[in-house]
Amino acid sequence: MQMQIKIQRWFFSLLIIGALFVGGCGSSPAANSTPTPNPASGESISLSPSPPPSPAAVAASSQFSNLPRLQGKATVVMTVKGSPITIELDGTNAPITAGNFVDLVQKGVYDGLVFHRVVREPQPFVVQGGDPQGKDPKFPASRLGTGGFIDPKTSTERRIPLEIKAKDAPSPTYSQTLEQAGIAQKPVLMHTRGAVAMARSQSPDSASSQFYFTLTDVPFLDGSYAVFGYVKQGMDVIDKIQAGDRIEKATVTQGVENFKAVS
């Protein structure tokens with residue numbers, strides 16, 4: 001019986017990770033209660049070992065110098081259905097991921113965007129949004145979850161590297177999960193209830209603007225997806241979000257002096 005329970009939990013974890021996939025997580029609001037692995041593209045999640053990491057993939061690198069950074073903490077207040085959600089961003093442990101979020105907030109990218117994915121059954125999981133295509137009310141709901149931020153300077157989608165700092169590590173690991181990098185330590189920023197993290201496709205460096213709130217502790221995501229902050233107030237608001245609800249406004253209220261924009 002105990003073995004059967006473990007198998008059921010593993011199978012549920014495998015299925016539900018698909019809800020975090022960009023490019024394959026789009027679905028109509030009515031279908032959001034049933035997580036499926038990347039249905040739009042037909043891709044599946046591989047749990048097999050990856051090739052050994054290259055030295056260039058680990059720790060901060062000059063190749064990311066063209067991305068905004070947050071050097072310290074910052075606070076973002078996001079308003080949904082007239083109620084505030086206060087998020088504390090951790091640029092100390094996730095400088096690129098948090099910096100990207102601050103930059104998009106300041107650009108007004110999140111204002112008016114829809115939460116396209118809400119997973120509460122068979123157990124609480126995540127609320128996901130941040131697809132810029134959702135700003136258009138006429139955009140098909142079935143295709144939400146496939147878009148990212150198009151940088152007007154380059155006319156291409158800005159993508160950021162997977163960035164996870166392990167406990168006691170001097171700097172984050174980039175472009176690989178901790179397992180792929182052969183790191184046994186847990187990350188500093190864990191997927192506890194109220195974590196804010198980046199959604200991505202199977203490629204580690206494919207996150208752009210889509211993010212998610214965790215509705216409960218989700219430890220099986222630790223080390224595989226980049227957490228960059230936590231909800232400090234407003235989890236009661238998040239608990240009531242339904243697919244189709246919109247972000248009315250997102251504003252950086254503290255810590256803007258810690259933000260370093262792209263020059």
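Reader: Which residue stands opposite Tyr230 in β12?

Author: Glu88 does. This is a predicted model, where local features need pLDDT of at least 70, side-chain atom pairs count only at pLDDT 80 or more, and totals for chains, interfaces and linings use all residues. Residues are numbered from 1 along each chain as its sequence is written, and side-chain values use heavy atoms, leaving out hydrogens and water.

Reader: What counts as a strand here?

Author: A DSSP run of E, at least two residues; helices are runs of H or I, at least four residues, and numbering starts at the N terminus.

Reader: How many bridges join β3 to β12?

Author: There are 4, and the two strands run antiparallel. Two strands pair if DSSP finds at least two bridges between them. Strand β10 (residues 195-198) is also antiparallel to β12, with 3 bridges. There, Val196 stands opposite Gly229.

Reader: Is β12 mostly covered or mostly open?

Author: Mostly covered: 5 of its 7 residues are buried. Buried means under 20% relative accessible area, exposed over 50%, partly exposed in between (1.4 Å probe, protein chains only).

Reader: How many bridges join β2 to β13?

Author: 6, again antiparallel. Val80 stands opposite Ile247 in that pair.

Reader: New topic. Which residues touch the most other members of the largest nonpolar core?

Author: Met78, Ile85, Phe211 and Phe213, out of 56 residues. Helix α2 (residues 95-106) gives the most to this core, with 6 residues. Such a core is a set of buried Ala, Val, Leu, Ile, Met, Phe, Trp, Tyr and Cys residues joined through side-chain atoms within 4.5 Å.

Reader: And what is Met78 in contact with?

Author: Leaving aside neighbours within four places in sequence, its contacts include Ile85, Phe101, Phe211 and Ile247. Contact means heavy atoms within 4.5 Å.

Reader: Which residues does the second core include?

Author: Leu162, Ala166, Leu178 and Ala226 are among its 5 residues, and this core is separate.

Reader: Last one. Where is Pro219?

Author: In the loop between β11 and β12.

Reader: Why does Pro219 count as exposed?

Author: Because its relative accessibility is 56%. Pro219 lies 26 residues from Arg193 in sequence, and their C-alpha atoms are 10.0 Å apart in space.
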